[in-house]
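Grab the sequence and the 3D view, and let's work through a few exercises together. Each one sets a task and then walks through the solution.

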Amino acid sequence: MSAENISSFRSKKNCLLVFRNKKINNFEGAEKLISEFSDIGYYFDKIAYIAYDRAEEIVNALRDGKTNYQNVFIYCPNSMDDTMKAFLQALYRSKFDEKGILTAEGDNVFIIYSDTPNVLKFSDIKSVLDNKYGIRYEKACVKIFGVSPSHLNSVIYQAKTKCPEIDFSISESYGDYRLEITYSNSLSKEVFDSVMRTIVAGLNENIYAMDNVSLAERLFQLLKLRRMKIGVAESFTGGGIAKKLVEIAGISEVYYEGLNTYSDKSKAERLGINEFTLNRYGAVSEQTAYAMAEGLLNGGNCNVCIATTGIAGPTSDSTSKPVGLIYIAVAVNENISVFEYNLKGNRETITNTAINLALFHTFKLLK
């Protein structure tokens with residue numbers, strides 16, 4: 001999984017300096033921090049990662065923060081605290097308070113520890129920044145699947161022309177995007193609605209929710225509304241779709257069964273796929289995916305079915321079919337649709353992208 005600020009439109013306001021062990025490529029703490037700042041309505045104009053044993057780079061980064069940014073956020077191990085504070089207090093000619101906030105001539109520096117509990121809370125940071133800028137923020141969320149980053153950037157750019165003061169930030173996981181929109185509560189409803197119309201018009205085919213729910217949760221809502229039951233037959237996704245569904249509270253109202261028919265023999269015995277289909281077309285084929293969904297339907301206990309078959313890697317099967325070739329079959333009542341993709345990436349990326357694709361196609365067919 002990855003987290004990314006597509007655009008932060010508060011020029012020269014907020015800078016995040018992450019000091020870390022360069023031998024450990026773990027960015028989870030910093031990504032969580034960025035997300036938490038997004039949740040309180042603030043984004044970073046600059047995010048820099050600096051090895052904490054590179055003294056010259058540290059000094060240059062801190063001086064750049066003072067020169068170019070109104071608010072500098074330090075994310076570092078507690079072991080750097082004394083040295084960091086001593087240098088910054090001399091640089092800004094001011095003192096840190098007991099919470100870890102330095103204020104000097106309208107500038108602020110905040111120290112947040114990466115490895116120990118913090119006295120400084122996000123509510124404290126929000127209070128300082130809100131008072132500083134005299135702004136209270138509101139948030140909106142749009143969930144999107146399958147859009148290209150370039151098209152998403154283009155739509156955001158168009159929306160910004162309607163109101164440059166609105167901020168956008170985005171996180172993505174295997175093709176599933178969360179677009180967060182932050183705006184002042186003094187913004188007129190007319191302007192906000194104009195921005196949202198631009199987003200909806202540009203991303204209409206890819207939007208699945210206007211609030212922060214998952215693909216699986218959105219599909220559950222539709223199944224419940226339609227009073228339909230779902231069954232899943234998975235091969236290379238290994239029960240991943242079923243897991244996404246059964247994590248939802250109340251899913252028993254709509255979920256009938258999940259089968260992990262990994263081998264050809266399992267596909268034949270559990271789903272009734274005949275040997276001719278498997279021998280002629282192979283387990284990874286449009287015909288087999290169709291037959292897997294059809295086998296679930298023929299059981300008579302569900303009227304929505306998902307079936308997956310594919311090659312997730314790292315190597316191909318005994319055929320010449322490439323790694324990343326996948327087929328997703330979705331049945332709604334008697335209608336069965338099959339989707340073919342050639343996905344790129346490692347085994348984890350291919351599998352998780354396919355899980356999201358299956359949920360999204362089912363949502364689209366039920367919508």
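**Exercise 1: the pockets**

By class, six nonpolar, nine polar and four charged residues make up the lining of the second largest pocket. Here nonpolar covers Ala, Val, Leu, Ile, Met, Phe, Trp, Tyr, Cys and Pro, charged covers Asp, Glu, Lys and Arg, and polar covers the others, Gly among them. Before going on, note that this is a predicted model, where local features need pLDDT of at least 70, side-chain atom pairs count only at pLDDT 80 or more, and totals for chains, interfaces and linings use all residues. Residues are numbered from 1 along each chain as its sequence is written, and side-chain values use heavy atoms, with hydrogens and water left out.

Task: find which residues lie closest to the centre of the second largest pocket, then do the largest pocket.

Solution, step by step:
- A pocket is an open set of points on a 1 Å grid over the protein atoms alone, where a 1.4 Å probe fits, with protein on both sides within 12 Å along at least five of seven lines; lining residues have an atom within 4 Å of a point.
- The second largest pocket holds about 340 Å³ of space, a volume being the space filled by probe spheres set on the points, which are joined across faces, edges and corners.
- It has 19 lining residues, with Ala-283, Val-284, Gly-310, Ile-311 and Asp-317 closest to the centre.
- Helix 9 (264-271) and strand 13 (304-310) each give at least two residues to that lining; helices (H or I, at least four residues) and strands (E, at least two) are DSSP runs, numbered from the N terminus.
- Now the largest pocket: about 430 Å³ of space, lined by 21 residues, with Lys-143, Ser-173, Asp-176, Ser-214 and Lys-244 nearest its centre.
- Its lining splits into eight nonpolar, six polar and seven charged residues.

**Exercise 2: backbone and side chains**

Task: say where Tyr-174 is found and which residue Asp-81 meets in a salt bridge.

Solution, step by step:
- Tyr-174 is in the loop between strand 8 and strand 9, and has a positive phi of about 55 degrees although it is not a glycine.
- Another loop, between strand 13 and strand 14, contains Pro-314, which a cis peptide bond joins to Gly-313, with omega about 10 degrees.
- Asp-81 meets Lys-85 in a salt bridge (3.4 Å, N to O), meaning a side-chain nitrogen of Lys or Arg within 4 Å of a carboxyl oxygen of Asp or Glu.
- Both residues lie in helix 3 (residues 81-92), four residues apart, about one turn of the helix.
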